[in-house]
Amino acid sequence: MKVYDDEDNIGVLEQTIFPDKGVLYQQRIVCAEQKINLVQCRLFLTKLIAVFNRGDTFTQEEATELFFATTKLFYSPNVPLRQLLFTALRSVIPYACDVFVVMNSLSKDATSTYDFQRSSALRTLGMILTDQTINSLERHYKQGIVDKIPNVSVSALSTACKLALTHADVVAKWMPEISTALSSSNHLVQCQAIRLLHILKKHDRVALIRCVVTYGKEKPLRSPYAHVELLKICKDILIGERAFSKTVLPLVEYIQTSMRPNNDLVALEAIKLASQLELDAAPQSLSAQLMNSIQVYLQSNKTILRFEAIRVVSEMSYRYNELVSTVRIDVESLLRESNRAILTLAIATSLNICNESSIDGLLNKVAKFMSELPDSFRTKVVNTVEKLAERYPSKYLTLLSFLSHSLTIKGVKFQTAVVNTIRRLCIIQPRCRETSLTTLADYIEDCEYPEIIMKVFSFIGEEGPHSKKPMKYIRSIYNRLLLESPTIRAAGITTLSKFAEVPELKPNIIEILKKCAYDEDQEVRDRACFYSVFLDTPKVETPVITSQTDIDALQHVLEQYINGDCETPFDLEEESKKTIIVEPIKEEEISNEVKKEQEIIEGFGEVIKKSEVTLTTTGSEYDVVCKKMIYKNNVVLLYSITNTLTDYCLSNVSIEIGIEKGDYKVIEQSTISSLPAQGSDIIKVVLDRPDSLIGTFSNKLIYTLKENIEDDTGDEDEYIIDNVSLNLADFVSPVEIEDWNVQFESLSKEANKTQIFKFPAFKNLQIAVDKLKELFGLNVINGSDDAKKAVKKHVLLLAGNILLKEPATTFIRLRMLCDEKGVTVEVCIRSTNTSIPDMLLALL
């Protein structure tokens, strides 16, 4: 064996232990020699295993050649060589073909007197079994499962777990042997047996519950690893469960029992599982036991146990803030922890569950050692600050001061997170806009990360023109135009152009842009020229091309111009005026329609809100449009019906309306006696207004169809049209919002309800925002419906007046958390009417 001295480096080791796979492929001949060289063969197999572990692969032809070369080593009785051979074969078999040739050798080794040969042979044999061979060789696994040697039994069970995924019907016949393995005294054997049962019964919910009750409570297993597998079964059944029926209560009791600190491994696994359940719907005893067990581990003397406990508490604090508050004292005791990971999680959790008065002290403690933490921990603390801003908007100055101090810590990912949080803070609390802009404008003076400077430019361009003193932000941008790289200068030009919205600053902006037109970089010059000309050109008040423009005629004129000499410029505005289609509208027709509609709805009072919906497709026999008129005590539906047929007229026209959803009642309905060809008329349907606003109505047009001749008596007919729905949006009017947080907090003593929902169908935050915005129908505040850049969390703010008998001002805050299992939404509804929160929550 070669001894490496101090001069050797890792490169030399890699060349020796991890050779090139092409060189290794050529070395396979050492296995084919008549007299086996044990040293050379063991070295070759070691290198082959190392190459596969490194991630290299061989083609099917190369892998097959390597496979057949190594199989010749079955003739050697050497024990270390046989061990390496089994390991090498398990690496090569997935890439080779015709691997069945070693089946007899493996079958012989599966019945060997050597323990290692039986266990390794069973693992390798499982990789080459097919539908045709598994029945003849399953006896080896039955014998292996009940083998007295734990190593052999574990190998047989672990291989059976893999076979159960593809040959479940065959493995299911081994239940007697699996039951025998469950009575073994070896912990790993019990664990693998439970794991195999889990795979075989994964579609049988009742059998899995019975398995947990039997081996977890009635005949508890001794193996802690087996109990962890039982907890995984509980997880598969209970995760996402929103109503804990009597059937699953034994599982909840087992989880409670497992959380007792008898075995740390089992207890921590049970704690993690319980924290992921819907605790609001679970029995209260589960929450009580969970917090008691967490409290024990938060006070543990072992660092790893404290870390696991505080990590669970930190994740729970985002969903169950009040529940986690019961261990606040224990969490705060970890603020003196020397371990940075535990300390960071403790601070993040403390900030999540703290009250308003303790925020300043906690942030001061964090600021002292923020620079010593890794980026991931620092980012976690910054994300927690954003949550604090949502809960305590009045502390925005303290939070902004902490974020400003954090900007002095280097790290592009961390500083990006801080800048994003400051931007979010401005959405949550608009009053901090001026301070945030000033902070970021000062920050870019010394910032060394171009991507962050451009992100700040984008924010200043959005908010700067609306600030009290936009001139000072122009000065900061202008300094960057003189000192920074071309990329930043180009972004600065775009940002400057947005300040031209302020009329007093527009001449100065144009002057700066004209100076930048002489920049040495082409992109900067192009942008400066474009924006200076664009801003200096008077805006056209009326569009050149309107809906009345004949596009085909305009295209023909343009083609003639292109085919001509093109000596004079093409005047688009002048040519478009020549192609306008003027359709004279008779004022008498308009006034008659309006007068008729006013006569129909006379006597109902003032219209609170109205909207219109088309109930037929374009080009159908009849055009039906429904106007929804909302009044204080009634809802009036006006069906405007147009007969598009030229050879037929209609008589005795009526609407058969069916109430499919809601408590509405029809109290009045009109009909149309005659509807001539190409004619139109209106049918009125009056509904009373119940307490529940939502309703859906089916519609059927019933009429007698006649030809345009005097003697035709006609045929009765019907025509099904689309449903009419009354949604919450039909009863919502805008509300004036000056300061969201102030107005939201002012309703805290009124009707106030908060509830958490899980939506597995929502794959990302933008889908959740769009669906919930459409469902509630209220107006979006501060552009919070844009969640395209959000990855894990977002806040949607909605507000409006819901038009009950008396308008009720309503605010909705939806906090969303996205993970691989869907989107969790905390819905907080506050209103001036006590019935509104329950009515809105019922929509979910």
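**Close-up views of a predicted model**

**View 1. Arginines over aromatic rings.** Arg28 holds its charged end over the ring of Tyr25, 4.2 Å from the ring centre. A second case is Arg378, which lies over the face of Phe414 at 4.9 Å from the centre of that ring. For a charge to sit over a ring, NZ of Lys or CZ of Arg has to be within 6 Å of the ring centre and within 35 degrees of the ring normal. A word on what you're looking at: this is a predicted model, where local features need pLDDT of at least 70 and side-chain atom pairs count only at pLDDT 80 or more, while totals for chains, interfaces and linings use all residues. Residues are numbered from 1 along each chain as its sequence is written, and side-chain values use heavy atoms, with hydrogens and water left out.

**View 2. Ile194 and the largest nonpolar core.** This core has 182 residues, and Ile194 and Ile255 touch the most other members. A nonpolar core here is a set of buried Ala, Val, Leu, Ile, Met, Phe, Trp, Tyr and Cys residues joined through side-chain atoms within 4.5 Å; buried means under 20% relative accessible area, exposed over 50%, and partly exposed in between (1.4 Å probe, protein chains only). Skip the neighbours within four places in sequence, and Ile194 is in contact (heavy atoms within 4.5 Å) with Leu182, Cys211, Tyr215, Leu221, Ala226, Glu229, Leu230 and Ile233. Another core, of 57 residues, lies apart from the largest one, and Ile683, Phe759, Ala768 and Ile802 are among its members.

**View 3. The buried side of helix 11.** Helix 11 covers residues 175-182, and Glu177, Ile178, Ala181 and Leu182 are buried in it. These four cover an arc of only 145° around the axis, so they sit on the same side of helix 11. The arc is that of the directions from the helix axis to the C-beta atoms. What do the buried residues of helix 11 pack against? They pack against helix 8 (134-145), helix 9 (150-166), helix 12 (187-200) and helix 13 (205-218). Helices (H or I, at least four residues) and strands (E, at least two) are DSSP runs, numbered from the N terminus.

**View 4. Aromatic neighbours.** The whole structure holds 13 aromatic pairs. In one of them, Phe759 and Phe762 have ring centres 5.0 Å apart and planes at 25°, so the pair is stacked. Rings of Phe, Tyr and Trp (its six-membered ring) pair if their centres lie within 6.5 Å; planes under 30 degrees apart count as stacked, over 60 as edge-to-face and the rest as tilted. Phe759 is buried at 16% relative accessible area, and Phe762 is buried too, at 12%. Elsewhere, Phe52, Phe58 and Tyr95 form one aromatic cluster.

**View 5. Lys455 on helix 27.** Lys455 belongs to helix 27, residues 450-463. With 27% relative accessibility, Lys455 is partly exposed. Beyond its neighbours within four places in sequence, Lys455 is in contact with Thr416, Val419, Asn420 and Arg423.

View 6. Asn652 has phi near 50°, a positive value in a residue other than glycine. Asn652 lies in strand 4 (residues 648-661) and is exposed, at 53% relative accessibility. Gln678, also not a glycine, has a positive phi of about 65°. Where does Gln678 lie? Look in the loop between strand 6 (672-675) and strand 7 (680-688); there, Gln678 is exposed, with a relative accessible area of 51%.
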